[in-house]
2 protein chains.
Amino acid sequence: MAPSLEDNINNKSNSIAAAVAGGGIIGDEMTTRVTVVGSGNWGSVAAKLIASNTLKLNSFHDEVIMWVFEEILPTGEKLSQVINRTNENVKYLPGIKLGKNVVANPDLESAVKDANLLVFVTPHQFMEGICKRLVGKIRADAEAISLIKGMEVKREGPCMISSLISEQLGINCCVLMGANIANEIAVEKFSEATVGYRKNKEIADKWVQLFNTSYFAVTAVQDVEGVELCGTLKNVVALAAGFVDGLEMGNNTKAAIMRVGLREMKAFSKLLFPSVKDSTFFESCGIADVITTCLGGRNRKCAEAFARNGGKRSFDELEAEMLQGQKLQGVSTAKEVYEVLRHRGWLELFPLFSTVHEICISRLPPTAIVEYSEHTPKYSLVGGPAQFF
Amino acid sequence: MAPSLEDNINNKSNSIAAAVAGGGIIGDEMTTRVTVVGSGNWGSVAAKLIASNTLKLNSFHDEVIMWVFEEILPTGEKLSQVINRTNENVKYLPGIKLGKNVVANPDLESAVKDANLLVFVTPHQFMEGICKRLVGKIRADAEAISLIKGMEVKREGPCMISSLISEQLGINCCVLMGANIANEIAVEKFSEATVGYRKNKEIADKWVQLFNTSYFAVTAVQDVEGVELCGTLKNVVALAAGFVDGLEMGNNTKAAIMRVGLREMKAFSKLLFPSVKDSTFFESCGIADVITTCLGGRNRKCAEAFARNGGKRSFDELEAEMLQGQKLQGVSTAKEVYEVLRHRGWLELFPLFSTVHEICISRLPPTAIVEYSEHTPKYSLVGGPAQFF
């Protein structure tokens, strides 16, 4: 059983008392302040995780500020006010108490100005705008972490969100990825996550401290790019797994396709960033997130429907029907990855990635996902520079 | 589409004609003869795969001998005779044509005496007896491969089937493992497998040639122990995954448990055999077989039932009810692995393996599978000599 909020508060009070008795100084100036930028489903869960830890750990200021993109609820109330009154994000994470020390703030600049640690968790397409607004408005010594999955992959390579944050704001940025279905973590089901860091192991440990709980096991690896790319590329693998489901090929085939997908994720990441480590793909951000995404998830679901219809109904149509306005990230990522592969002459090295895109645009039938015959070397599983696979 | 048997025969006839015309000699003495020792579900599928390739490849003798443990069918006929008349293993793989060049032979000694390649695919408990019977009865230059999953793990370490064969018969022995549900491969659904070899890459390539088809993609890795241990240890992970299913913890938790399981498989194998490679666990025998076994499979299924009953009905009872006489390999492997861990003082390094056994014997409740709390360092995910994990 996870300790209750009351237990946490009592533990911390006791520790503070002990520290003071022992001559330690716990001043407001010396504690680390955390702001979560974003308050959707995953952002709210992140705030809950963090808030349970800031209460327990002396080195952190109890209060966690959560920037809320203000909305007016059907009741006429403001979302931020309801969150602060009820301690619940009634719109994006109803039924879950965030912790009384989570404070919603709809003013971005005021939310971030005192933060030592900035946690970014917004839809990826908003980050460019948010970064622009934050230039010069944050502490120069702030540290950032991105929980944002799904970057844009441009022809010259992936546009990493962590790099965007670092470059625009002039601060260091880690990432946190993994098999993280927000609603399951919200109800404290056991899960894991991976922090990717660049150089500073102490900062990585601080992030681990801030996120780790008895039901959320966090590990740090020195590989920002590897961890971050996993969060995007897995959606392409999920489409492949969905096709296999739609074709009713069975668990054997699905397992094989997931394995080949993970292998191509690894090779693609290593070809683009030679610093990427093989071991990263054994972490939660790698294999575990591939498994979760290929078992559940909307990319898999729509791809299954696509294959069941023999590719005769487009992804746009299925998306509109099945996802209530949400967009499928996998389809656009597959297209972007395909462009990179074509641009660099690597198409034949990545039979799964390239086939997924060609199925999405109806150039190939869904059955092509398992046609790795020796007669079509284009889809050969054994081609390519061995060191990357 | 896979080429038909007729196509294969025609192709090979043409190639032989071409070779003869070009001055090549294709003599019966020079071709490699294959015998499959075993004719159960997986053995029959292996014979089918091999027989489709020996027809196509000039270096192999067309005929594949399959040793059949003779049984009298309800009709009064002998199983071997029915296989040879109908070209089907009516008892263990009904409805699937094995290829006309598969010849069932109930006499073990006569089945193996001329074989250059011996494929062992029997239940593992029969191998000791079979090896004893084969001493001095096989060609001295024969090469062997074991498709047998599930070895016994004795206190002093695993009793590898490949070592048993090598030591008893004085011949080299490779292994073939992977995400291989026999009935799915029998109907030619896409799948993969991994050959583990010790030193001789040429022999490994020969095995790949013999097994690889358009729907069965085989890769060779120089790591017999790693590949072989995967085939046994995955059953312990499948029990853990089944507990999670029975507790209805969701995909996130299941993915995390599968990942931790794969990680312990890797660490356990490397601690016992320092030559074991990390990369082996990215192959079909590793991650893909873990996925297949944790999605389907009888270990997962019985463990789910065990957890649903809160551990109140024993595995013996569930086995008897659910498996029609088959035994659960995972439960005994978990016990054997636990003994090794206890004997070597490694229990705390393997929280998942040790917890699975303690749940099986009702020392812990099924919910313990996800209790990796910081308050119980025994189950800490981050302990242990880092280089092995």
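In this predicted model, the charged end of K266(B) sits over the ring of F282(A), at 4.7 Å from the ring centre.

Over all chains, the structure holds 19 aromatic pairs. One of them joins W207(B) and F211(B) in a tilted arrangement, with 6.4 Å between the centres and 35 degrees between the planes. The angle counts as tilted because stacked pairs have planes under 30 degrees apart and edge-to-face pairs over 60. W207(B) and F211(B) are four residues apart in helix α8 (residues 201-211) of chain B, so about one helical turn separates them. W207(B) has 0% relative accessibility and therefore counts as buried. F211(B) is likewise buried, at 0% relative accessibility.

F268(B) and F350(B) form an edge-to-face pair, with centres 6.0 Å apart and planes at 90 degrees. F268(B) belongs to helix α10 (residues 251-272) of chain B, whereas F350(B) is in the loop between α14 (329-344) and α15 (351-360) of chain B, so this pair ties together parts that are 82 residues apart in sequence. Both F268(B) and F350(B) are buried.

| Pair | Centre to centre | Angle between planes | Arrangement |
|---|---|---|---|
| W207(B) and F211(B) | 6.4 Å | 35 degrees | tilted |
| F268(B) and F350(B) | 6.0 Å | 90 degrees | edge-to-face |

In chain A, ring pairs link F243(A), F306(A) and F315(A) into a cluster.

Methods. Residues are numbered from 1 along each chain as its sequence is written. Chains are lettered from A and ligands numbered from 1 in the order in which they are written. This is a predicted model: local features need pLDDT of at least 70, side-chain atom pairs count only at pLDDT 80 or more; totals for chains, interfaces and linings use all residues. Side-chain values use heavy atoms; hydrogens and water are left out. Rings of Phe, Tyr and Trp (its six-membered ring) pair if their centres lie within 6.5 Å; planes under 30 degrees apart count as stacked, over 60 as edge-to-face and the rest as tilted. Helices (H or I, at least four residues) and strands (E, at least two) are DSSP runs, numbered from the N terminus. Buried means under 20% relative accessible area, exposed over 50%, partly exposed in between (1.4 Å probe, protein chains only). A charge sits over a ring if NZ of Lys or CZ of Arg is within 6 Å of the ring centre and within 35 degrees of the ring normal.
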